[in-house]
Amino acid sequence: QVQLVESGGGLVQAGGSLRLSCVVSGSTFSMNTIHWYRQPPGKERDEQRELVASIRVGGSTEYADFVRGRFTISRDAAKKTVYLQMNGLEPEDTAVYYCKVNQYGADYWGKGTLVTVAS
C-alpha cells in the first residue's frame, strides 16, 4: 500500500520561508517521479489542483512558472522523502500542498499540509 505523508505547513508572513516534506512508503521510491501540487482556497475540485514542481528519478526537476526561482524541490532516497523549499512566499501561495506519486498507472496522494501566507 502506497502512502504519502506531508508535513511542514503553517502560517508565515509574506516574504518568509517554509520547507515541506513528503515521506513516501510502500512505493518503489527510487523509480518514481514525485510531484508537489497545491489547491488554493475556493478551488474545491480535485481537478483544480495546480502542479507546482516535479522531480524525476535522475534528479531533474520542473517548476510551474509561478514558483520558478522561489521554490526548490529535492529528494532524499535514503529517507524516501521529497522536500519543497519555499522562499519568498506570497499571499497567493496560500493553499493546501499535496504530494503525488504514480505507480503502475495509479495515482497516490497524501492528505496535504496547509500553507497560509499572511500579507
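Lys80 is partly exposed, with a relative accessible area of 34%; here buried means under 20% relative accessible area, exposed over 50%, and partly exposed in between (1.4 Å probe, protein chains only). This is a predicted model, in which local features need pLDDT of at least 70 and side-chain atom pairs count only at pLDDT 80 or more, while totals for chains, interfaces and linings use all residues. Residues are numbered from 1 along each chain as its sequence is written, and side-chain values use heavy atoms, with hydrogens and water left out.

You will find Lys80 in the loop between S7 and S8; helices (H or I, at least four residues) and strands (E, at least two) are DSSP runs numbered from the N terminus. Lys80 is not a glycine, yet has a positive phi of about 50°. Most residues other than glycine have a negative phi. Tyr104 is another non-glycine residue with a positive phi, of about 55°. Tyr104 belongs to the loop between S9 and S10 and counts as exposed, at 75% relative accessibility.

## Aromatic rings

Rings of Phe, Tyr and Trp (its six-membered ring) pair if their centres lie within 6.5 Å; planes under 30 degrees apart count as stacked, over 60 as edge-to-face and the rest as tilted. This rule gives two aromatic pairs. In one of them, the ring centres of Tyr98 and Trp109 are 6.2 Å apart and the planes stand at 90°, so this pair is edge-to-face. Tyr98 in strand S9 (residues 95-103) and Trp109 in strand S10 (residues 106-109) are eleven residues apart, and their pair links distant parts of the chain.

Tyr98 is buried at 10% relative accessible area, whereas Trp109 is partly exposed at 32%. Ring pairs join Tyr37, Tyr98 and Trp109 into a cluster.

## Charges over rings

A charge sits over a ring if NZ of Lys or CZ of Arg is within 6 Å of the ring centre and within 35 degrees of the ring normal. Trp109 has the charged end of Arg49 over its ring, 4.5 Å from the centre. Likewise, Arg19 lies over the face of Tyr83, at 4.2 Å from the ring centre.

## The nonpolar core

A nonpolar core is a set of buried Ala, Val, Leu, Ile, Met, Phe, Trp, Tyr and Cys residues joined through side-chain atoms within 4.5 Å. The largest one has 28 residues, of which Trp36, Val52, Phe71, Ile73, Leu84, Met86 and Tyr97 touch the most other members. Strands that each supply at least two residues of this core include S3 (18-25), S4 (34-39), S5 (50-55) and S7 (71-76).

Beyond its neighbours within four places in sequence, Phe71 has contacts (heavy atoms within 4.5 Å) with residues including Val52, Tyr63, Leu84, Met86 and Tyr97.
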